[in-house]
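Here's a structure to walk through together.

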Amino acid sequence: MKLLVTGGAGYIGGIVATLLLEAGHEVTVLDDLSTGHRDGVPEGATFHEGRIDEAGDVLDPSYDGVLHFAAKSVVGESVEKPDLYWRTNVGGTLALLDAMRAAEVRRIVFSSTAATYGAPARMPITEDTPPVPTNPYGASKLSVDRMLEGEARAYGLAAVSLRYFNVAGAYRGHGERHDPETHLIPNLLAVAAGERPHAQVFGTDYPTRDGTAVRDYLHVVDLADAHLRALAKATPGRHLVCNLGTGTGSTVQEVLEAVRKVTGHPVPVVESPRRAGDPPSLVASYDRAAAELGWVPGRDLTTMVADAWAYRQQHGGTAR
């Protein structure tokens with residue numbers, strides 16, 4: 001297939017583009033490099049520097065599909081600058097869908113998020129859990145999901161939204177290097193590497209097995225595999241939504257212990273009160289992904305941490 005990967009210079013998009021190339025597909029990356037990195041575009045992909053709403057300058061009828069990762073994705077920033085998230089995530093995707101329709105490209109896999117659900121009380125979260133996002137980031141992704149549903153019904157688009165939880169790990173020289181870094185595992189690894197004096201643990205009195213919050217961590221290669229499967233399973237006229245997670249989850253303390261074990265460093269922490277709005281547990285059911293895509297997660301927390309640590313040791317904190 002000939003495929004367009006929007007946001008393919010970023011962490012997840014770059015790894016998915018790499019696996020697509022390894023599977024024999026022809027890949028074009030569209031990225032404005034606002035958060036991605038030029039050297040994150042895998043060798044063998046064609047690169048176009050530009051925004052999502054410039055996809056019409058790239059797409060033509062020779063393309064078989066789009067994998068859409070380009071988005072603003074920092075929750076705190078979305079609260080401070082909601083207009084940026086509506087303009088980029090929603091307006092940009094609408095322009096992308098217009099360009100796809102004009103070029104007669106009728107297949108898309110969308111990078112959605114668990115943030116569409118907000119903070120539901122019942123675990124694990126299924127696709128039937130009512131989506132009640134608690135920030136503009138989650139709301140913008142849910143808006144795109146609904147846009148895809150309407151586009152599939154009205155115009156026969158083959159669309160899959162993959163709502164994933166916490167992604168970690170690395171693959172073939174591609175790893176996390178966000179600025180600022182908001183994810184737990186790379187922040188803990190920065191402490192292990194001596195780049196920070198300590199890590200913060202927010203809340204040790206949750207009603208969980210050790211008092212710290214539970215989150216569902218997924219290896220980025222398992223995530224990428226789901227995108228390739230979704231691409232193959234996308235059906236004209238249907239919008240499929242699948243959660244991606246492990247179905248179990250790990251506490252902050254368990255992640256901390258995994259980092260200490262893998263790195264061999266002590267990783268001191270400072271305990272702080274809970275952050276407002278942080279739910280005790282967020283864990284995904286992947287039953288629908290297993291049934292619809294034949295997908296199951298295959299890599300555990302230790303593997304995620306070990307791969308991320310190897311990437312950091314080889315490339316340093318934010319350098320590739």
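How many bridges join strand S4 to strand S5? Keep in mind that this is a predicted model. The count is three, between S4 (residues 65-68) and S5 (residues 107-113), and these strands run parallel.

Seven strands make up an open sheet with parallel pairing, and reading across you get S3-S2-S1-S4-S5-S6-S11. Going from one strand to the next, the twist averages 20°.

Next come the helices that sit against those strands. H4 packs on the sheet and touches S5, strand S6 (158-164) and S11. Its direction makes about 155° with that of S5. Helix H6 (residues 220-233) lies across strand S1 (2-6), S4, S5, S6 and S11. Relative to S6, helix H6 runs at about 160°.

A pair of aromatic rings is described by the distance of the centres and the angle of the planes. There are two aromatic pairs in this structure. In one of them, the rings of tyrosine 85 and tyrosine 137 have centres 6.5 Å apart and planes at 85°, so the pair is edge-to-face; the angle cut-off for that label is over 60 degrees. This pair links distant parts of the chain: tyrosine 85 belongs to helix H3 (residues 82-103) and tyrosine 137 to helix H4 (residues 136-155), 52 residues apart. Both tyrosine 85 and tyrosine 137 are buried.

Tyrosine 286 and tryptophan 295 form an aromatic pair too, again edge-to-face, with 5.9 Å from centre to centre and 90° between the planes. The cut-off doing the work here is 20%, under which a residue is called buried.

Finally, have a look at where arginines meet rings. Arginine 101 lies over the face of tyrosine 155, at 4.6 Å from the ring centre. Arginine 274 sits over the face of tyrosine 206, with 4.3 Å to the ring centre.

Conventions: Residues numbered from 1 in each chain as written. Predicted model: local features only at pLDDT ≥ 70, side-chain atom pairs only at ≥ 80, totals over all residues. Heavy atoms only, no water. Phe/Tyr/Trp six-rings, centres within 6.5 Å; stacked < 30°, edge-to-face > 60°. Helix = DSSP H or I, 4+ residues; strand = E, 2+ residues; numbered from the N terminus. Buried < 20%, exposed > 50% of the residue type's maximum accessible area, 1.4 Å probe, protein only. Lys NZ or Arg CZ within 6 Å of the ring centre and 35° of its normal. Pairing = 2+ DSSP bridges. Axes fitted to C-alpha atoms, helices over the stretch in contact; angles between N-to-C directions. Contact = heavy atoms within 4.5 Å.
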